[in-house]
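Trainee: I would like to learn how to read pockets, disulfides and confidence in a model. Please take me through them on one example.

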Amino acid sequence: MYKIIIILNFIFLTSCGGGSGDDASGYSSTATPAPTPTIVNQPPTLMLQSVYYVDAGNVVELSAPASDSDGQVNSIEWEVVSGPASTTLLQDSGEQISVDVPLYYCGVTVTIRVTATDNQNATANADTIIQVSPLPRLSAEEGTSYSVELCAPYIDRIALRTENPENFAQALTYADFNNDGITDIFVASGNSMTRTPFEMYIGDDSQQYQYTQTLFSDPTLGQIHPRRAITSDFNSDGQPDVFVLGHGVDASPFPGEYNILLVSSGNQLSPGQDLATFVGFNHGGAAADIDLDTDMDIVVATGKNSYFLLNDGTGFFTYNQTDIPMEMIVLPAYSAELLDLDMDGFVDLLAGGHEFTPDDMPTIVYWGDGTSDYSIAESTMIPAVPNYQVVLDFDAGDLDGNGLRELIVTRAGGGTDAVNFYKGYAVQYLETQTDRTFLDKSSAIADSVSATEDWFSSIRLTDIDFDADLDVVVDDASRQLIWLNDGQGNLAH
């Protein structure tokens, strides 16, 4: 009976084992359910052109088609990341928008970002760059030394000059001298006693400047008392050259000195035509096509006996007093500029000196007429400013947008008694009328005269705040003398 019970029990156990998923060890062999996979939302996809090119004063259309592979695009938003605040998005959402680019006087780069957001708040973004070409120059001013001033960098001359910082530096000019696409700064400094070598400061894309002499084939070249440096392409090779004017020791008997021409040669500036025979008390000068033969000539204001240097197109100049106004020969002219003041397509000659007595040079605009002959017969006198009768510089531009150019005359202290000679400054503000007379606009410029602050050698008109109008700026950021234009020609200091 005992054996039967055991056998039956064994059969029972076996029967139970066959009806379950347990193996011999007693564990279940049923498969564990696989975990549910996590679905990761994919961000939207954007398509955007990387660079757009547009002329100043136009509207550019931007397009950024967006899609979402696992959902839908809920929004597309645009923003200006960098560039002038005056660049306006006419829309700030949607796949297509329009951007209003103002009338910038200089080249501008604007970065715009587009961001797409999907229905689960995933985002994708892309940037595009708008390269804005500046307004075209007046045809008569293309390639002139005056045209260089408009878009030159605004720099602190004291902070810039790591070499010869004890010297004065009135003669600066700007160009891309090493062909890297970035503007560099040429400096001629002096101490009025001994000759100081020229200086070059190479710019980088962060607006930092590094002193070097490697761009000069003769690094010993320099002057005693440089007063002005001008840039143009004198040898017609497509590269900038430099002409430096100096007057030597600034004390009796005022022996003068010769001007120096540096022309591009390979990757350096090399001495050009030897001008040592033209020694003078050289103060002012400018470059433009005086004789209308498509190359850049030079006017030299050297006190009495000022003259033209007429270029043959290769950077070789011929002395000329035949076409220069007689007043600039018999009276002491110290300042000169070449620009198209009345915008008739011809270069005008502006000249001045010290307006103290009838024996001094008055301030005059000699109007260009399509010939190289400038004379008093076609000229207009610029009124003197009492006690500020030392004329240093001329600048012109349409500041109020009425199609007529304003004239800015930079002046230093000086009058008949000479008590304030080169003390203080005055900024004369005039508008050129269609009949070639001048309208006094002194009421539209604030704080334009100072009897106590130091004089300055030059002003330039530039859109310093990128709001599409010309401002009046002393060409030295260490002075922080800026008159901002409200767009109507009213200048606030």
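**Pockets, a disulfide and confidence**

Mentor: The lining of the largest pocket is made up of twelve nonpolar, seven polar and four charged residues. Here Ala, Val, Leu, Ile, Met, Phe, Trp, Tyr, Cys and Pro count as nonpolar, Asp, Glu, Lys and Arg as charged, and the others, Gly among them, as polar. The model is predicted, so local features need pLDDT of at least 70 and side-chain atom pairs pLDDT 80 or more, while totals for chains, interfaces and linings use all residues. Residues are numbered from 1 along each chain as its sequence is written, and side-chain values use heavy atoms, without hydrogens or water.

Trainee: Which residues lie nearest the centre of the second largest pocket?

Mentor: They are Arg157, Phe168, Ala169, Gln170 and Asp476, out of 18 lining residues. This pocket has a volume of about 460 Å³. Its lining holds seven nonpolar, five polar and six charged residues.

Trainee: Which cysteines does a disulfide join?

Mentor: A disulfide is a pair of cysteine sulfur atoms within 2.5 Å. There is one by this rule, joining Cys106 to Cys151 with S to S at 1.9 Å. The link of Cys106 and Cys151 is left-handed, at -95° about the S-S bond.

Trainee: Is Cys106 buried or exposed?

Mentor: Buried means under 20% relative accessible area, exposed over 50%, partly exposed in between (1.4 Å probe, protein chains only). Cys106 counts as buried because its relative accessibility is 13%, whereas Cys151, at 31%, is partly exposed.

Trainee: Where does pLDDT stay under 50?

Mentor: pLDDT is the predictor's confidence in each residue, from 0 to 100. The protein chain averages 92, and 94% of the residues score at least 70. Residues 1-22 stay under 50, with five contacts (heavy atoms within 4.5 Å) beyond four places in sequence. Where pLDDT is low, the predicted coordinates should not be read in detail.

Definitions and conventions:
On a 1 Å grid over the protein atoms alone, a cavity is a set of points where a 1.4 Å probe fits but cannot get out, and a pocket is an open set with protein on both sides within 12 Å along at least five of seven lines; lining residues have an atom within 4 Å of a point. Grid points are joined across faces, edges and corners, and a volume is the space filled by probe spheres set on the points.
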